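Please open the structure in your viewer and keep the selection tool at hand. The tour below goes from one stop to the next, with something to select at each.

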Amino acid sequence: MDSWILIKILLQIKMGLILPLTILMLILGTTCGAFGKRESKVKTAIFLSPKFELGPGSVANKYDYDIDFPRGHIALKSFNAEVIDELGNPVPLHETYLHHWVVARYYEAKHVATHTRYDGHRELHQSGHVMVRNGGICQRDVLGQYFGLGSETRGTATDVPDPFGIVVGDPAEIPEGYEEKWLVNIHAIDTRGVVDKLGCTECRCDLYNVTEDEYGRPIRSDYKGGLFCCYDESQCKLREGFEGPKRSLYLRYTVKWVDWDKFIVPVTIYILDVTDTVKIADDSSGVVLEHNCLTEYDVESCSSGEKECLHVKRTRVPVQKGGYVIYGVAHQHSGGTGSSLYGKDGRVICSSVPKYGKGKDAGNEENYIVGMSTCYPRPGSVKIMHGETLTLESNYSSTHGHTGVMGLFYLLVAEQLPFQHFTHPSRSSFFTNINTLFS
């Protein structure tokens, strides 16, 4: 902006001819557009996970480390994924059910050699590796991923609107001697030829004929189904005489990002779990919240006399740090009818409902959840206060019982709005100094 024009505008402010909001728009507009809007130069890359193999009824639950991923100081704008075969064709859910995929971030010491694949639920715990969790709020090693969905992945939006972004790769945050890397966990179940497709996808223990988990520990007698029973290389019951070929599959994932610049407004990822039971404890540092997120739960079938067969599960979770909600979406399994997050005063922060397929093609598979609705509130319109207690509600149809279902809720929260973020202390002192010129 020309200095004489700026002086003229400032004189008009002093005379009361231009409102402060107008001058804020004019000055910010010369650098980043009105209220921080920027010309977004989004980059896109498509990657493939390492190959995993599945035969009829078999399960893959793989952890692949140091996967292909954009590097450097960037802001992530979206992450989408789907299962494909060796020819690149999308595989429908009624053949290979994508129970879930999650992508997590970690730091690795430069002298450490990465073991690129771990089977089952094994994670990196040895020295030289540091897991970088999202904003919370579950306990350590539970739901710490940056991205993750399931069968709904093809039909669920994950875009982060401008000027917001999930900022990663900041050299100032990476410990000296370490580098940032990414891992993916893929849990897929081949249901070709099985006796009960829904039962296999819900990991019913009787269909997998298991009484011990993947580590050889006995499964408790009241545990009817869930992750403990459909671990890596387990086998769901097939129809007698059924045979089919083993297939090589991949997770194809698409990442969008922009290079970091000062006009990006960072957002924090929060994952809430309806199974979370929060306890308040005291230690030397004061009051501590102890979260116990179980990740999965069962839905009992309703009695025949009930008019509405709906199972409603709720939990109340306090959040230590709030902010402005930029994005929200729920994660549910088959039978889910929707999930909602409420504020302390009962206001709806976000409601997310599933879309069920009606056909056979990939992305529209009948009776499977093929998408979840998302929330993109107008920035500034939905705010969570620091220390506010939220209520999470997850609803499932209970006409039939379900095992191992989930009721998660993903949120992207910005600590500041764009006009707050771009009003830096240097600019505040600039206005102060200008005022002194006319005093």
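Begin by selecting Tyr-146, which counts as buried because its relative accessibility is 9%, under the 20% cut-off. Keep in mind throughout that this is a predicted model.

Of the 12 aromatic pairs in the structure, one is formed by Phe-79 and Phe-147, whose rings are stacked at 5.1 Å centre to centre with 20° between the planes. This pair links distant parts of the chain, since Phe-79 belongs to strand 4 (residues 74-85) and Phe-147 to strand 8 (residues 147-149), 68 residues apart.

Return now to Tyr-146 and Trp-182, which form an edge-to-face pair, 5.5 Å centre to centre and with 90° between the planes. Here Tyr-146 lies in the loop between strand 7 (129-132) and strand 8, while Trp-182 lies in strand 10 (residues 178-190), 36 residues apart.

Then extend the selection to Phe-47, Phe-69, Trp-101 and Tyr-253, which are in one aromatic cluster with Phe-79, Tyr-146, Phe-147 and Trp-182.

As a last stop, select Lys-313, whose charged end sits over the ring of Tyr-297, 5.4 Å from its centre.

Conventions: Residues numbered from 1 in each chain as written. Predicted model: local features only at pLDDT ≥ 70, side-chain atom pairs only at ≥ 80, totals over all residues. Heavy atoms only, no water. Phe/Tyr/Trp six-rings, centres within 6.5 Å; stacked < 30°, edge-to-face > 60°. Helix = DSSP H or I, 4+ residues; strand = E, 2+ residues; numbered from the N terminus. Buried < 20%, exposed > 50% of the residue type's maximum accessible area, 1.4 Å probe, protein only. Lys NZ or Arg CZ within 6 Å of the ring centre and 35° of its normal.
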